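Hi everyone, thanks for coming.

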Amino acid sequence: MSASTTTRPARPATGRTGHGRSRPHYGTHVFLTVMAVMWMVPLGWALFTALRPKADTDKYGYFSLGGAFNFDNFATAWTQGGFPRYFMNSLIITIPTIILVLLCSSMMAFAVSRVNWKFNITLLIMFTAGNLLPPQVLATPLFEMFKLIQLPYWFSDSGSLLNTYLSVIIANTAFQIGFCTFVLSNYMKALSADLTEAALVDGAGIWRQYVSIIMPLCRPAIAALATLELIFIYNDYFWPLLFIQSGDRLPVTTAINNLQGTFLSNYNLLAAGATITVIPTLVVYLVLQRHFVAGLTLGSSKG
Amino acid sequence: MSTPTELSDSARRGSHAGQKPAARPRRISGRVRRLSRRDKMVLGIMVGIPTLVQLAFVWIPTLLSVFLSFTRWNGLSLSDIRAAGVANYSYVFTDNPAFWPAVQHNILWLLFLAVIATPLGLLLAVLLDQQIRGSKIYQSIFFVPVMLSLALVGIIWQLFYQKDNGLLNFLLGTAGTPAAVDWFGNSSINIWAALVAATWRHAGYVMILYLAGLKGVDASLKEAASLDGANATQTFFRIVFPAMAPINIVIVVITIIESLRAFDVVWVINKGTNGLELISALVITYLIGEGQSIGIGSAFAVILLVISLVPITIYLSRTFRKEKF
């Protein structure tokens, strides 16, 4: 699995000579360049539109190079669109969810992969299947359940779990645990049994084995999953859409939907707003790309 | 990565529930230790909390969906729930104007991803797996949309598709003329426009997974094939592609599940109406729309559940068949 991605064998020029192979690559390059340009067009167009003042696009048209290019739309979208609030909400939802997901799933994965007991595979199957369901399948009852849960008004102004950050955190946690448990259990299974046996001889309990032996060894997998979950939960559109009614509690991804109303027919501002929401993902992409890709492939390479 | 682990070895030796994997005889012979009371408690908590969360917020709601689909309820008070038999289903199958279009769109979504987006991702992966210059740059470009939410993908493509100010109509020379196409607004073509947007993201995802898969294929297999006189195409389809069977299964499952989960893009565009009906969107329409009809929404959810169980079962049986039950 992931180990094989790092130990990629150097590809010797087999068969034909190395230089002979470079000719067919021209076609490949042309194709890839055309595709790459096409791939960049939608985002590029959004960025291009965002950089131009509305007055100039009205004057010269959207398909022109005339007029100024500046970041005014970004500043306007940032304040008018209420982005600081939305980013804060995203943070409030994302960080606890990641911690809860990784805590729960690593405990579960430890229990099903390092200890042999009757229902471990059955439970693992249940967890894995849960993550594969479309969220809409359980949306209605979950919504009604959250509506029926009574909470004191100092905690929730709706008197229920609806319209709270907690509702989104719970739904995301429950939904993501399955995937992370699956990935981590595979990872932990591949660790040698001798590791915990030695600890067993020393009289270390289950908790000690989990905290001081297995978890430190799972650091690469945890890093990959944390990055992946960061993107998944930041990108989650559905649960906040379902549970949160107050616009000022929405995370960024769900709030961009409202920008269409806020920036009615001001496409420059809408484009700037869209571009702003891309920035955190791009930062993660640039800084943590390796972990993100590792996380994606970890989840899929179980054969 | 299905290497037999020490754990499954010990499992074969038959240790009982609540017991540690039988210790290897050569190390600590005869010291098969039962878990202490404290360890059992710790283990109970470690399993109990995640399982409780999973049951309470995933599986019980799923079962409740099935229950609610046989009732009539406006979603207000629990005492208003009335048994309805299969009335919701017969309404959905025969009278609901949006259901069959939604089924068609979901199938179209699946076919489009399966026939265009997934093979495109595979093609990109195969081309980029050759040691060509700039491979990393190309990969990064194709990968960017994978990082974006589908909701944002919808917004970004909306800017591109707009009737009068969108780039596409300008490139086609129709912008501002009566011939300009409203790509997301016209009910006969907006599903295709949405599918192109979805492909933009899906192909990059498939590419990344296949790039990992291709690197895992033993290079000597390819060498042997080319020594036997197979050309590149033959080598790929006869040797490399079959060797990636585990990844292929994952891709098939992902493609099916993505097409069932498709929701965000159409919801951002027009809340899944006017040519963009999808089963998943109908569930939510009946939940939060005017005149809540929980029973009908749940019937849609159950239909979605039943269809989803097909790829889920395929995947689980492939994944877990080697394990001990």
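This is a predicted model: local features need pLDDT of at least 70, side-chain atom pairs count only at pLDDT 80 or more; totals for chains, interfaces and linings use all residues.

You'll find 14 helices in chain B, along with two strands. Chain B has 325 residues, and 43% of them are buried. Now take the contacts in chain B between residues at least 6 apart in sequence: 61% of these join residues at least 24 apart.

Next, let's look at where the two chains meet. On the chain B side, 97 residues are in contact with 95 residues of chain A. Which helix gives the most to that side of chain B? It's helix H2, residues 37-68, which supplies 19 residues. If we sort the chain B residues that touch chain A by class, we get 62 nonpolar, 22 polar and 13 charged.

Now for the helix pair. In general, we describe two packed helices by the angle between their axes and the distance between those axes. Our example is helix H4 of chain B, residues 99-129, with helix H11 of chain B, residues 245-261. Their axes come within 8 Å and cross at roughly 140 degrees, and the crossing of H4(B) and H11(B) is right-handed. From H4(B), the residues making the contact include Trp109(B), Leu110(B) and Leu113(B); from H11(B), they include Ile251(B), Ile256(B) and Glu258(B). By class, this contact has seven nonpolar, four polar and one charged residues.

That's my tour, so over to you for questions!

Notes. Residues are numbered from 1 along each chain as its sequence is written. Chains are lettered from A and ligands numbered from 1 in the order in which they are written. Axes are lines fitted to C-alpha atoms, for helices over the stretch in contact, and angles run from 0 to 180 degrees between N-to-C directions. Helices (H or I, at least four residues) and strands (E, at least two) are DSSP runs, numbered from the N terminus. A crossing is left-handed if the near helix is turned anticlockwise from the far one by less than a right angle, and right-handed if clockwise. Two residues are in contact if their C-beta atoms, placed from the backbone, lie within 7 Å. Ala, Val, Leu, Ile, Met, Phe, Trp, Tyr, Cys and Pro count as nonpolar, Asp, Glu, Lys and Arg as charged, and the others, Gly among them, as polar. A residue is buried if 20 or more other C-beta atoms lie within 10 Å of its own, exposed if 12 or fewer, and partly exposed in between; C-beta atoms are placed from the backbone.
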